[in-house]
Each structure stands twice: as structure tokens, then as C-alpha cells.
Amino acid sequence: MLNFFTELGSATREAFGKIGRGTFFLLHALSGFGYVGLRPRLLLKQMYSVGVLSFLIISISGLFVGMVLGLQGFYILSDFGAEESLGVMVAASLVRELGPVVSALLFAGRAGSALTAEIGLMKATEQLSGMEMMAVDPVKRIITPRFLAGLICMPLLAALFSAIGVMGGHMIGVGMLGVDDGSFWSQMQSSIDFRHDIINGMIKSLVFGFSATLIALFEGYDCLPTSEGVSRATTRTVVNSAFAVLGLDFILTALMFGD
Amino acid sequence: MSNNEQNIVSIRNLCFSRGARKIFDGVSLEIPRGKITAIMGPSGTGKTTLLKLIGGQLRPASGQVIFDGSDVHSLSTRELFNLRKKMGMLFQSGALLTDMNVFDNVAFPLREHTRLPEPLIRSLVLIKLQAVGLRGARMLMPNELSGGMARRVALARAIALDPLMIMYDEPFTGQDPISMGVLVHLIKSLNQILGLTSIIVSHDVRETAEIADYIYLLADGKIIAQGAPRELEQSDSAWVQQFLHGYADGPVHFHYSADEYFADLLSGVN
Amino acid sequence: MQHSKIQDTLVGLFVAAGIAALFYQALQVSNLGTYTSGETFTVSARFQNSGGLKVKSPVSVAGVKIGRVSSISLDKETLESVVEMKIDSKYNNLPDDSDASIYTSGLLGEQYISIDPGPGLSGAFLKNNSKIENVSSAIILEEMIGKFLLNKANQ
């Protein structure tokens, strides 16, 4: 019994220590904005590896999710004779939820784990330490550009996911199942509000991008510099990002769409 | 301040612990300018930690590290960064940045800390690479280099900003005899030609003794012995003799401390 | 250096694609293409019963959408439903004696406000903070059915 409390205590201490280190890490990374501003090439390089390299998985997944929504939505809605609402259903689910959430989960798996492993290996091979000894702040040089890249790329990826998803839903609904093209779009357009739905979706993906990138970078920076430490940190990145994204999604949905 | 002029680094009463383990317990030593000073000792005695303390990457529990007249651990971050431009460090792994080629790695400190025009940077980098004999390897990526070459590139990078002092962390570990010879030669000649001060942390006795002017032997958080290589050779301390000649048993026991052998064996029987 | 140029181009394409996707959503998926949420003016109307009307329900004239419901509240004294709607300011020529009615689009569709332009006897138009006096409340399906059955029973 005593053991349990001891363990609970040390787990709490560990958790708070991590939150504290994470907060300092975030502030430190934010302080590097000026440094990166003077070296835009660093940012561009990271946008390539975080954004461009995630493009394919995001667009293919978006297409399939949209197609599945088109099929399932059609089966459900045709029971009520409301196939014309298929466009609304596909677009609302994508723009509000699936676009930001699924693309953030894919982002954590594709880009987040790569970031953690990269930074963990840099730590293990003393590159971060070496940079420090060359009087270059490794957080500003390594972390800040990656953080910014994640922040910029996540909403773009989510927008791509939703747009391609809507096209996928259209392809199935209108092209294959014969829903009327005009009512597909017009119903969608009359129900989806730009500010309320699309901007809120973008805000969501910005928040997810912030947390998923921060988690990935911090886990890499904070990991034990051994091969086992790096592999554990990579796993933690994917698991913790998924929890963070889904948890934040619930909170944001309640705040945004709860009237 | 004659002491400061003579010694580039003075360490006074340095104490440092990691968890409950005391790594340093009142270490004091001086690194004279223009010389090669070696810090030797068995693995795990915190030799690398000592370099990190000198570089200000770690904070001591107590004691002072004076580098070129300033107390390393009382400086602000900005001052510390400026101080580090005057010291180079060669990491065991080389610590080259893996996403840049050899040329860009050597140019990295120059591009970060100076506003020199690119043609001048190019000339400087080629001069440094020529000094370590790798001018022809400038377009290679770090993963295409052998361990010895990586260390030489790292050395070229460490001297890029013309520091006052270079710290070598285990420069000879895991090298074949030829690269070892090359490194020994490089460390010695760079020290002479560039008027550097060098600190070598190592447990490779033969190579280190060959080039060091002065050696500190470190064990159990204290300095056990010090002196020029030849003086240490003639030391009558059993520990020094064991370390220098690599005897299997001596003051450092072959067996990790344990209960009495027979008692331990028999304790399972009852 | 060739390598970094390709990288630049790909990043540029990626950013352009992302922004295009956002525009696509704005224009093709949402109402932004059909209805500019620019300048609006607010008009209110009091209904006995606003039924299933919701905030953001459409407001239309002759079947063309001209605005949205912006708030629905209950007047504590008269116990009437006060509906405020934002109307696109380019429709500034609706006579102030127009009628507002709550209709349902289709049997299960959503409810919306339809404004029938009045004869324009006073010559004034609806403007910001105008009140529409002539209203007809929502048609509640249950009430209709109840009345119908009652009539049948009485016959």
C-alpha cells in the first residue's frame, strides 16, 4: 500500500517536472523566432520535411476518408430519402472534425515521430552539445524552425485533407451513386458557414499542429540519449500526440460548436 | 594577475555530483597556456564531465572554473556564448551536423558568428581543411566519412574560429593505428603552429604520454597524481604504475567489491 | 545548390496547394461564395411562436436568401419570441410594411423566415433596427394535425 503511494508520488513529481521543463522548452523555442527570421532557409528546409513529405499520405488518406463518407452517408441518408443532404454530411464531418483530427493524427505518426527520432539521434551523437560548445543555441537553431514549420504546415495539410475529402465524397456520391450534382453543392453551401465551420476547423488544426509538434520536439530533446531512449521517446510522441489531439478536439468542439 | 597570464584555465575546489554519486570532490588544477595538458583516468571518472564543466555546459555544486580571466559559471548566457567562441571542443563522436556536408560543417561556426563574405569563408574553410588533410573531402556527407576522418573534420571545425584552447574528448578511442598516428601528429602540430592550448581527456596512455607536456591523473573524484609524463613514469605509487601499465590487479581491484567469496557461495546453501 | 532549388519549388507548390485548398473550401464548400458576409443591417420581428427556427436559419425574399437569423430570445413581458435577423445591406429597398412568416422547407426540412414585400404605403424602407409588424408564426405540424382531426371529428 505504502509502495503505491510512493509510486504515485514519484509519478506526480515526474509529471510536474516534465510540464515545467516543457514550458521552459516552449518559451526557449519561441525566443528563437528572431533567429529563424534572419535565416529563412532553415524554415524552408523543415517545411519541406514536415509538410511536403507528409503531403502524399495526407492527400491519399483524405481521398479515401471522403469516399467512405460518401458511401456510408448515402446508405444512411437514403433511408430517409434525404440523399440530397449528402454534401452537407460529407463536408460538415470533414471540415469540422475529420479534416483537422485525422490529418493531425497522421501528422503525428509521419512527421512527429520523425522529428523525435531526428532530435533524439542528434542528442545521442552529441550534435546538440557540440552546437552549444560552438556558441550556437541548439534550441533556436534546431527546434524553433521545426516548431514553426509544424505550426504552418498543419493547417495547410488539414485544408488539403478536407478539400480532397470533399472531392472524394463528390466522386462517390454524385459520380457513382447518382446524387444530384446541383443539390449536393447547394445544400452543402447553404449549411456550411465559412467563419463558423471552416475557420473553426482551421483554428483546431492550428492548435493540433502546435501541440503535436511541441510534443514531438520536446520528447526528442528530453529523451535519454541512447538507442533505447530514442525509440521509447518516439513511441511516446505518437501516443501522447494522439491523446493530446483527441482530448483537445473534445474541448475545442465543446467551446466552438456548443452555441 | 600573472597567474591568469600563465594559466588559461584554473579550476579551484571543484565539486560536482550526479544524483548521490560524487563525481568530483574538491578538484583543483591549472592548464598552462600554449601547452598540451592531459587529464587521464579510468573510464567513468568524469573526465568528459570535467570538459563540460569548463565549457559551462554543466554547473558545479561548488568551486570555480576560471577561463581566460572570467569565472565561467557566473556569466550570463550571452557572455558564456561569447566565451565559448574562444574555446573549441572535439567530441568523441565528432558531433558533425549530419545534414550538412564537410564544407558546410566547417563553415558553420564562421557563418553563425561572423559576417564574412562567402568567398572569404570559402578560403578560410579550405585552409582549415588543408590543415587536417581533408580539403579533397569537402563535398562528402558525414555518414560517408570514417571515424578518423570525422574527427579530423571536427577538428577543422573546432579551429575555424581560431580559438585560444581546444578540448579533446577521448580523441584516440576506437581508431586504427594510422588514424591514431595522424591525430597524434595533428594535435601536436596544431598546438605548435597555431599557438593553441590543448586539453586532452583520454585513457590511451601511450599516445597521450607521447604528446602531453603535463598529465593529471584523476580517480574517485580526486587528483591522484600529476606531473610530466616522465615524472609519472617514475612514480612509486602503485596506483599510477597500475594505470600506466595496465596491470589487471593492483590498488584497483579486479573484483567489484563484494561479500567474502566463500561466505557468499555458501549463503545460498543454508 | 540545385538540390535546394528543387526543395524551394516543392515547398512553394505545397504552400500554394494548401492555400488553394482553403480557397476551395471557402468558395465551393461554404456559403462564402453565395453570400458575402459583408455589410448587414439588423431587423427584428415578434412572433407568437418561432417554432423550430434557429440562429443562422435563412431569411429569404421570393425564395432568394438575403440574410440569416442572428438571435432568438423571449420577451419576458409579452412572452413573445423576438427574432433578430441580419440582412445583406444591398437589399435596402424592402418596404417597411412587409410581412415576415416562418415557413418550413419541405416536410422535414429546416424552418426559415420568408419576407413578403408589402405595398410600400409609407414609402419608407426597412433599415437598421426596424421592426417588422406584420408577422405570421411558425406552422406547428402537431397543431395542424390536431385541428384537422378536431374538425373531422366535429363533422
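Which residue stands opposite I39(B) in strand 9 of chain B? I39(B) faces Y216(B) there.

Before the longer exercises, note that this is a predicted model, in which local features need pLDDT of at least 70, side-chain atom pairs count only at pLDDT 80 or more, and totals for chains, interfaces and linings use all residues. Residues are numbered from 1 along each chain as its sequence is written, chains are lettered from A and ligands numbered from 1 in the order in which they are written, and side-chain values use heavy atoms, with hydrogens and water left out.

**Exercise 1. Describe the setting of strand 9 of chain B.**

Step 1: Locate the strand. Strand 9 covers residues 214-219 of chain B; helices (H or I, at least four residues) and strands (E, at least two) are DSSP runs, numbered from the N terminus.

Step 2: Find its partners, remembering that two strands pair if DSSP finds at least two bridges between them. Strand 3 (residues 36-40) of chain B runs parallel to strand 9 of chain B, joined by four bridges. Strand 10 (residues 222-227) of chain B pairs with strand 9 of chain B in the antiparallel sense, over five bridges. In that pairing, K222(B) is the bridge partner of A219(B).

Step 3: Look at the turn. Strands 9 and 10 of chain B form a hairpin with two residues between them, and D220(B) in the turn has a positive phi of about 50 degrees.

Step 4: Why is strand 9 of chain B largely enclosed by the rest of the structure? Because five of its six residues are buried (under 20% relative accessible area; exposed is over 50%, partly exposed in between; 1.4 Å probe, protein chains only).

**Exercise 2. Characterise the interface of chain C and chain A.**

Step 1: Count the residues. Chain C brings 25 residues into contact with 30 residues of chain A, where contact means heavy atoms within 4.5 Å.

Step 2: Take the area. About 2,400 Å² is buried between the two chains, 70% of it on carbon and sulfur atoms; buried area is the accessible area (1.4 Å probe) that two parts lose on being put together, summed over both. F14(C), Q25(C) and V29(C) supply 27% of what chain C buries against chain A, more than any other three residues.

Step 3: Look for charge pairs. The rule finds one salt bridge across this interface (a side-chain nitrogen of Lys or Arg within 4 Å of a carboxyl oxygen of Asp or Glu). The side chains of D8(C) and R41(A) meet in a salt bridge at 2.9 Å, N to O.

Step 4: Assign the elements. Helix 1 (2-29) and strand 3 (64-74) of chain C each supply at least two residues of the side that touches chain A. Helix 1 of chain C gives the most, with 18 residues.
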